[in-house]
Amino acid sequence: MSLLSFTMNAAFLLLCVSLCGQCGKMKLGVRRTSVQHHHHGTPLFKKVLDETKTHPLKSDHLLRVDDHDFTMRPAFAGPAVPVGVDVQVESLDSISEVDMDFTMTLYLRHYWKDERLSFPSKTNKSMTFDGRLVKKIWVPDVFFVHSKRSFIHDTTTENIMIRVYPDGHVLYSLRVTVTSACNMDFSRFPLDTQTCTLELESYAYTDEDLMLYWKSGDESLSTDDKISLSQFLIQKFHTTSRLAFYSSTGWYNRLYINFTLRRHIFFFLLQTYFPATLMVMLSWVSFWIDRRAVPARVSLGITTVLTMSTIITGVNASMPRVSYIKAVDIYLWVSFVFVFLSVLEYAAVNYLTTVHDGKDRKLREKPLPCTCDISHTRTMLLDDAYSKSDANGLAGYTQAPVSSEDKQEHMVVCLSLANEATAAKKKTLRGFRIIQNTHAIDAYSRMIFPGAFIFFNLIYWSVYC
């Protein structure tokens, strides 16, 4: 019985082992089938590798920056390197007449070919870098001639971009704000038109090493349509180029950005011309004021003179100290002369009035000449020194009796003397009738001053407009 039970247990164990082996083979087959199905299944479940993360080379290695000496220009000791330039003007920030300069913000772009930067590419696409690559490769050393201040914008990083193409062509772009000098002519200010120039040039390389040129001619310069200035109208932008010579270093290619500005006149009409004209017209009011109203006429004249002085000082304070006469100076100083002459006119009127009144008092106090038995009234009238009312006031005085013969002789002598004195006096006073008549001076001034000022304005605006 024990042998039989032992045999049955051994057979059962062998059966279990065989069954386990067959199950393992079945599971292994299923696993292999699933793996084969994963590899040969639909591509929807296939993982795509990111080539940018598994690129075997760095940009420096791809461009072979360390394999070349970039302190030398491309094609060193060979022909000049052509460097094309184009500019996009972003804004024209300010124009300063006092400092005689302008401030401009622009995008400056350079184009050249450097075969040392060529790299293999199947898609022929370019690579773009920021300003950190500039210190490792050669770039043109372009600077702004006659610039006072300039800087590259660095918010939030330096506004520099380099784009390298597989064949070695390079685009180098930067955003710059530059303040440059502008030679202005103010002889027609504020009716002037100014032409300013921004000049670009290589600092180290002459025309034998670097050929600087506008990439697309006049189309190389583009501007924003929204550019505007408060005091100027931008008329035209255009480009030119020529060679510049330095006696110690040689010839250089120089590029010019020219723009023409025409000044808006309306601001100066309101702030300068219109107030000056009003002051001149205000000075004419004194011609209608009584000549004996000394405080009124003097205060009016002094006020207009001081106001004109203030206007002239304010205009010159915002202008450079040039050695020539400006158009606005001509208008303001002629207006000042008109105002000053109105003050002198009253001074002359007041002086002549005083002199005339003094002569009248002396003539009234003068003793009467020989009466020749003529009534005092007739003697005074013949002498033309007293008025009819004054003569009538003395008509009642008595006279000593005179004989008829003496009366006739003295009558003839006195009449002849009186006629000669009267004729001489009238002849002397005929030429000074207008001067002594102060009312006539004011009357003529009311016509002469406005007429002369209108004539001056006609000539002024016809010449400068």
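W112 is buried in the predicted model, because its relative accessibility of 2% falls under the 20% limit. Y172 also counts as buried, at 8% relative accessibility. The rings of W112 and Y172 form an aromatic pair. Its geometry is edge-to-face, with 6.4 Å centre to centre and 85 degrees between the planes. W112 belongs to strand 2 (residues 101-113) and Y172 to strand 7 (residues 169-181), so the pair ties together parts that are 60 residues apart in sequence.

A stacked geometry is found for F336 and F340. Their ring centres are 6.4 Å apart, and 10 degrees separate the planes. An angle under 30 degrees is what places this pair in the stacked class. Both residues lie in helix 5 (residues 327-365), 4 residues apart, so about one helical turn separates F336 from F340. Their accessibilities fall in two classes. F336 is buried, with a relative accessible area of 17%. F340 is partly exposed, because its 40% lies between the limits of 20% and 50%.

The count of aromatic pairs comes to 28. One aromatic cluster is formed by Y273, W284, F287, Y331, F338, F449, F453, F456, Y460, W461 and Y464. Charged groups also meet aromatic rings. The charged end of K215 sits over the ring of Y111, 4.8 Å from the ring centre. The charged end of R242 sits over the ring of Y256, at 4.7 Å from its centre.

The secondary structure comprises 10 helices and 12 strands. An open sheet is built from 4 strands, in the order 4-8-12-11, with antiparallel pairing. Its edges are strand 4 (142-145) and strand 11 (232-246), each of which pairs on one side only. From one strand to the next, the twist averages 25 degrees. Within this sheet, strand 8 (residues 193-202) pairs with strand 12 (residues 250-263). Their pairing is antiparallel and runs over 9 bridges. One point of this pairing is C196, whose bridge partner in strand 12 is F259.

N253 is also placed in strand 12. N253 counts as buried because its relative accessibility is 16%, under the 20% limit. Leaving out residues up to four places away in sequence, N253 touches L200, E201, S202, D207, L210, M211, L212, R242 and L243. Among these contacts is R242, the residue whose charged end sits over the ring of Y256.

In soluble globular proteins, nonpolar side chains tend to be buried together. Here the largest nonpolar core has 77 residues. V87 and F102 have the most contacts inside this core. Beyond its neighbours within four places in sequence, F102 is in contact with L92, S94, I95, V178, T179, S180, A181, C182, C196, T197, L198 and F259.

At the level of the protein, buried residues make up 34% of the 465 residues. Contacts between residues at least 6 apart in sequence were also examined by separation. Of these, 75% join residues at least 24 apart.

Technical notes
Residues are numbered from 1 along each chain as its sequence is written. This is a predicted model: local features need pLDDT of at least 70, side-chain atom pairs count only at pLDDT 80 or more; totals for chains, interfaces and linings use all residues. Side-chain values use heavy atoms; hydrogens and water are left out. Two strands pair if DSSP finds at least two bridges between them. Helices (H or I, at least four residues) and strands (E, at least two) are DSSP runs, numbered from the N terminus. Axes are lines fitted to C-alpha atoms, for helices over the stretch in contact, and angles run from 0 to 180 degrees between N-to-C directions. A nonpolar core is a set of buried Ala, Val, Leu, Ile, Met, Phe, Trp, Tyr and Cys residues joined through side-chain atoms within 4.5 Å. Buried means under 20% relative accessible area, exposed over 50%, partly exposed in between (1.4 Å probe, protein chains only). Contact means heavy atoms within 4.5 Å. Rings of Phe, Tyr and Trp (its six-membered ring) pair if their centres lie within 6.5 Å; planes under 30 degrees apart count as stacked, over 60 as edge-to-face and the rest as tilted. A charge sits over a ring if NZ of Lys or CZ of Arg is within 6 Å of the ring centre and within 35 degrees of the ring normal.
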